[in-house]
2 protein chains.
Amino acid sequence: MAVDSSLSERKLTILKAIIQNYLETGEPVGSRTLTKYTDLNLSSATIRNEMADLEDLGYIFQPHTSAGRIPSDKGYRLYVDMLMEDKEQEITERENGLLEKTDKVEQVLRQAAKVLAANTNYATMVSSPVNNRNTLKFIQLSQVDTEQIVAVIVLGGNVIKNKIIEVGETLSNENLLKLNMLLNTTLNGMSIDQITLGLIARLKEQAGIHSEVVGHVLDAVAEIIHVEDDMEIYTSGATNIFKYPELSDKQSAQEIISAFEEKQQLADLVTETLASEDNHGIQVYIGDETPVKTMRDCSVVTATYELGEGMKGTIGIIGPKRMDYEHVMKTLKTLQSELDAIYNKEPKE
Amino acid sequence: MAVDSSLSERKLTILKAIIQNYLETGEPVGSRTLTKYTDLNLSSATIRNEMADLEDLGYIFQPHTSAGRIPSDKGYRLYVDMLMEDKEQEITERENGLLEKTDKVEQVLRQAAKVLAANTNYATMVSSPVNNRNTLKFIQLSQVDTEQIVAVIVLGGNVIKNKIIEVGETLSNENLLKLNMLLNTTLNGMSIDQITLGLIARLKEQAGIHSEVVGHVLDAVAEIIHVEDDMEIYTSGATNIFKYPELSDKQSAQEIISAFEEKQQLADLVTETLASEDNHGIQVYIGDETPVKTMRDCSVVTATYELGEGMKGTIGIIGPKRMDYEHVMKTLKTLQSELDAIYNKEPKE
DNA sequence: TGTTAGCACTCGAAACAAAGGAGTGCTAAC
DNA sequence: GTTAGCACTCCTTTGTTTCGAGTGCTAACA
């Protein structure tokens with residue numbers, strides 16, 4: 001990650017100027033423009049020479065002869081890693097307290113996606129936290145109808161699931177009570193891995209004639225834990241990509257928007273982000289670095305937030321490579337800490 | 001809804017031919033083409049005369065002089081109402097049994113949207129059933145943590161909701177039991193409108209020192225009932241609109257896709273459909289007839305399905321006005337009855 | 001040796017022109 | 001009432017030209 005030794009101070013300045021200018025305008029930038037843009041007073045000819053070097057080194061390229069230069073992926077990477085300054089830009093709309101304190105996680109996340117999109121003009125996504133579904137906190141069976149009972153299952157992290165179980169028999173109140181006792185005393189606080197076949201057999205035995213119900217309940221538990229795809233992903237501003245000509249031709253637009261609708265690819269992205277070691281940092285994927293194929297022409301910036309009890313989620317921004325990285329990263333950081341704060345500091349009301 | 005008396009048999013034939021041809025090609029259709037297309041043997045000149053009449057009557061129009069004719073909204077309307085034949089087209093992909101029998105409603109609906117999109121090449125939406133949230137079937141409070149209890153609330157139609165309630169005090173088991181008894185004996189089977197302020201006061205009184213908890217529970221009930229926006233809408237194939245040039249310019253595409261992402265407008269559409277008297281029929285909105293402003297250039301076809309216990313949902317298709325109405329309506333009908341069947345016949349497993 | 005001025009050259013974008021052709025409306029004859 | 005014929009319209013396509021931004025290179029300069 002050390003700077004290429006062949007990069008003089010001046011080259012860096014020029015590269016930075018090129019990129020910044022390109023971020024603003026989206027147009028290839030020529031030597032003429034740069035003479036005004038940089039503080040170093042150089043003629044266009046000199047700058048041309050430097051640009052030729054930079055092109056040889058692979059940091060910039062020309063879309064065609066006789067056009068100005070555009071940063072390459074490598075150029076962007078260098079920029080993000082080294083050249084970028086921390087912009088102390090503030091987020092508009094609801095200065096501090098971006099997020100209203102709603103107690104529905106879902107709504108907060110939806111809103112987060114929206115705020116993010118509104119603040120950046122890119123497409124955004126927020127994943128619901130992936131809970132560490134490995135401890136069973138509580139189970140409660142209740143009779144709803146003569147032939148239906150509802151099983152409420154609370155997992156670590158206060159994730160509540162329920163499932164209706166059809167039973168042939170009508171359970172008496174006391175039997176239900178007994179079953180609840182049985183289940184809770186045996187299973188509460190237990191990690192999933194600890195629930196073995198032997199344990200199940202023993203449970204069923206103890207349940208006696210109601211072993212069938214116990215079977216159903218355990219099935220429900222198993223199912224709930226296995227449902228992989230229940231990670232929700234909220235998106236917003238997918239149509240923002242139309243604002244960037246380089247992404248808004250039919251082909252690209254269709255692919256990207258499809259990814260946003262189907263969400264599978266976004267889920268992969270989340271998985272990837274969460275797997276990465278550099279958690280609680282911010283990750284920037286430029287062009288081909290992106291784990292999602294359909295976003296080869298984009299840049300993707302993601303951050304991880306934490307909800308306590310090991311529950312983590314991802315917020316992310318997808319936009320053109322000429323993205324305002326500084327602003328985006330700043331905004332992500334803010335939102336990230338807001339989310340962290342909302343849920344960790346004060347589980348208020 | 002009677003046919004305009006000025007429409008001769010021949011004019012109808014020609015109109016139908018124009019529309020069918022336009023549906024296929026998407027190109028304005030000229031008199032020359034029609035000579036081959038219709039069975040009546042007429043010269044192009046004659047047809048031109050008839051076309052001029054049809055244009056005067058408002059059924060077709062020219063995008064510009066010296067172009068062929070295109071059906072107007074009025075023309076499409078006539079076609080859908082009278083001219084269209086029932087195409088006995090079968091749905092591809094999984095002939096009968098379009099939908100796998102999953103017990104998760106959500107998944108079935110998601111899949112329904114996908115199947116629909118795959119079969120039609122239009123954008124599709126499926127709304128989750130709107131339950132008649134007007135009776136309280138069951139309430140269960142359970143202690144989860146020292147300071148948290150979870151309230152499980154079952155509404156008519158077996159809609160289960162839960163909410164975590166933070167309590168300052170730790171409730172003893174028997175108190176919890178008493179509260180449960182109190183709540184259930186008082187509230188079960190009660191319609192929402194019956195829960196008056198007086199009743200609430202009485203309840204709280206009876207709860208004694210735990211009146212606060214009761215208050216929270218009732219708040220939760222109120223909230224759950226009021227959450228309007230909890231109608232889920234699943235979409236698929238939004239990007240299909242790119243297949244139709246008349247909808248895929250940036251402006252339109254952006255609007256339509258936004259509507260699909262934000263979903264609010266789709267929700268309005270659903271509400272509108274459900275409100276309409278002609279339930280269990282199929283509704284066709286052509287162009288301006290659409291209740292959703294952003295879809296003025298589209299046609300929208302919707303159908304209502306029923307899940308028993310008065311729970312209804314909507315499936316819909318959004319596409320260009322030159323939509324294959326016959327196929328779409330056929331497909332919608334099939335899916336509609338599949339959904340009806342799955343949930344009404346056999347609430348299996 | 002690094003910098004700069006000058007110049008010929010490239011190549012896309014925009015403007016313009018011409019050709020082609022599908023389709024029309026109208027008239028006159030059948 | 002139907003049809004052939006014709007002049008006319010106007011969009012689409014294609015080609016040509018022009019324009020200018022930007023380049024690379026060379027030669028002169030400090």
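Here is a walk through the predicted model above, from its DNA strand to a pocket and then a helix. Local features need pLDDT of at least 70 and side-chain atom pairs count only at pLDDT 80 or more, while totals for chains, interfaces and linings use all residues. Residues are numbered from 1 along each chain as its sequence is written, chains are lettered from A and ligands numbered from 1 in the order in which they are written, and side-chain values use heavy atoms, with hydrogens and water left out.

Let's start with DNA strand C. It has 19 residues around it, and the closest are A:Arg10, A:Thr46, A:Thr65, A:Ser66 and B:Ser31. To be near the strand, a residue needs a heavy atom within 4 Å of it. Which part of the DNA lies within 4 Å of the protein? Of those DNA atoms, 74% belong to sugar or phosphate, and the rest to bases.

Now zoom in on some polar contacts (pairs of N or O atoms within 3.5 Å). B:Ser31 has a polar side-chain atom 2.6 Å from a phosphate oxygen of DNA strand C. A:Arg48 reaches a base oxygen instead, with a polar side-chain atom 3.2 Å away.

Helices here are DSSP runs of H or I with at least four residues, strands are runs of E with at least two, and both are numbered from the N terminus. The α3 helices (44–57) of chains A and B each supply at least two residues of the surface near DNA strand C, and α3(A) gives the largest share, 4 residues.

Next, look at the second largest pocket. A pocket is an open set of points on a 1 Å grid over the protein atoms alone, where a 1.4 Å probe fits, with protein on both sides within 12 Å along at least five of seven lines; lining residues have an atom within 4 Å of a point. This one is lined by 29 residues, and A:Gln140, A:Leu177, B:Gln140, B:Leu177 and B:Asn180 lie nearest its centre. Two or more lining residues come from each of β4 (136–143) and α6 (173–187) in chain A, and from β4 (136–143) and α6 (173–187) in chain B. The largest share, 8 residues, belongs to α6(A).

Last stop: helix α9 of chain B, residues 250–262. Its 13 residues should span 18 Å at 1.5 Å a residue, and its end C-alpha atoms are 18 Å apart, so the two agree; the expected span is 1.5 Å times one less than the number of residues. After α9(B) comes B:Lys263, with a positive phi near 75°.

How values were computed
A polar contact is a pair of N or O atoms within 3.5 Å; within protein, one must be able to donate a hydrogen and the other to accept it, and residues adjacent in sequence count only if both atoms are side-chain atoms.
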